[in-house]
Amino acid sequence: MLRIKKIGLLPRVALAIALGILCAFWMPSSLSRVFATFNELFGNFLGFAIPLIVFGLVASGIAELGTGAGRLLGITTLLAYGSTLLAGFFAYFVCLWCYPPILGSEASLGSLETAGVSRLAPYFTVEMPPIADVTSALLLSFVLGLGTARGGGNTLKKGLSEFRDVIGRIIERAIVPLLPLYIFGIFLKMGAEGQVAGILSLFLKIIALIFAMHLLLLLFQYGLAGIVSRRNPLKLLRTMLPAYMTALGTQSSAATIPVTLERTIRNGVNPELAGFVIPLNATIHLSGSILKIVACALAIMWMTGMPIHTGQYAGFIAMLGVTMIAAPGVPGGAIMAALGPLQSMLGFDETLQGLMIALYIAMDSFGTAGNVTGDGAIALIVDRIYRRHKTPDAEPAGQTDSGA
């Protein structure tokens, strides 16, 4: 039992996918419908929980931004949000260009949510209507979060923080542990309907493309940071590699903060400034995560024949950058927070959300590593702005240490 608990989420999801495919060849329909029933109930619970997740993460995250170092807080927040938006639009346009040649006709998989309903229909279902729609939850989050950030009182801020902790425990102890079983049910259903081979082939191509985009994004971020700080961008990026590798193992921006902070200071950033910027960016800078979510969502829309509009995606990317605030502090928080915009703005139902979760988790480590490594680039830019404001002619401290 102890060994089972130590298995990470990614191996469990991979095992669930493999077992779902294998079991589809021999499992009788009567037993398969048991898992279909679970998926129906779990999907309904997700629909109920999504507005609560959005409110719990976003309202508290916005409220927490009200405490900080004033001008530097604003600069860092704008840079982090700008970097996140840039990564989202970069992923969108690259995928629009790359998907037709690399996915080709394989992407015509039809409607996943309506195929084979009679064969694997659930035995029963329980309706779980949400207490509010996603748009209402977002608006309430903005109103309370911004109001609290601008002096709404410690009591309300504490209440939002405690509610976020409750949502975090629901995600960590109820939703995340059941995700592998949910994904097992999805691939069991797709295996029974003969759709698995096409989807796995697409998954491998999408994962390879997303990894390549992550590398290009980091090169751009450090190229810009190198220009601003007048440093060698490749040396700066090389110095941050331990933080990248640590994030691959921990899959957590928050858990990687000590390493990210140490490597950022080694790159010559003022220690006090780094101590402010790095923890803040671990919460609000999600360039790696948004790149994955945008690419995965676009792939699923492509292979299911859903209409794709640039204006629709622009709004989705802008909203996603806000809804994922504070998500890195919760296991699986980024994709959980993204379920709201995916549902309300792109029209993803429970089945498509399950595919998004499976595809996202398959690359979870790379997204986190991209997030924390990009934090170091933002810290370098903020440090340069800070030094120019204090002493315009000062050179960055520790310049000769960049290749350490």
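Start with the salt bridges: a search of the whole structure, which is a predicted model, finds three of them. A salt bridge here is a side-chain nitrogen of Lys or Arg within 4 Å of a carboxyl oxygen of Asp or Glu. Residues are numbered from 1 along each chain as its sequence is written, and side-chain values use heavy atoms, with hydrogens and water left out. Because the model is predicted, local features need pLDDT of at least 70 and side-chain atom pairs count only at pLDDT 80 or more, while totals for chains, interfaces and linings use all residues.

**Salt bridges**

Select Glu262 and Arg266. Both belong to helix α10 (residues 257–266) and sit four residues apart, about one turn of the helix. Helices are DSSP runs of H or I with at least four residues, and strands are runs of E with at least two, numbered from the N terminus. The closest N and O atoms of Glu262 and Arg266 are 3.1 Å apart, and the two residues form a salt bridge. Shared partners join Glu262, Arg263 and Arg266 into one network of salt bridges.

Buried means under 20% relative accessible area, exposed means over 50%, and partly exposed lies in between (1.4 Å probe, protein chains only). Arg263 counts as buried because its relative accessibility is 12%. Glu262 is at 34%, so it counts as partly exposed, and Arg266, at 32%, is also partly exposed.

Now go to Asp165, which forms a salt bridge with Arg164, with 3.9 Å between the closest N and O atoms. Asp165 is partly exposed at 35% relative accessibility, and Arg164 is partly exposed at 22%.

**Cysteines**

How many disulfides does a search of the whole structure find? It finds zero, where a disulfide is a pair of cysteine sulfur atoms within 2.5 Å. Select Cys98: the nearest cysteine sulfur, that of Cys95, is 6.9 Å away. For Cys296 the nearest cysteine sulfur is also that of Cys95, at 8.5 Å. Cys98 is buried at 14% relative accessibility, and Cys296 is buried at 0%.

Select Asn44 in helix α3. Is Asn44 buried or exposed? Its relative accessible area is 13%, so Asn44 is buried. Contact means heavy atoms within 4.5 Å. Beyond neighbours within four places in sequence, Asn44 is in contact with Thr125, Val126, Glu127, Met128 and Glu350.

Then pick Pro130, in the loop between α4 (71–103) and α5 (134–149). Pro130 is partly exposed, with a relative accessible area of 39%. Its contacts outside four places in sequence are Gly47, Phe48 and Pro51. The C-alpha atoms of Pro130 and Pro51 are 7.1 Å apart, though the two are 79 residues apart along the chain.

**Trp26**

Select Trp26, in the loop between α2 (9–23) and α3 (29–64). Trp26 counts as exposed because its relative accessibility is 56%.

**Confidence**

Finish by colouring by pLDDT, the predictor's confidence in each residue, from 0 to 100. The mean for the protein is 78, and 79% of its residues reach 70 or more.
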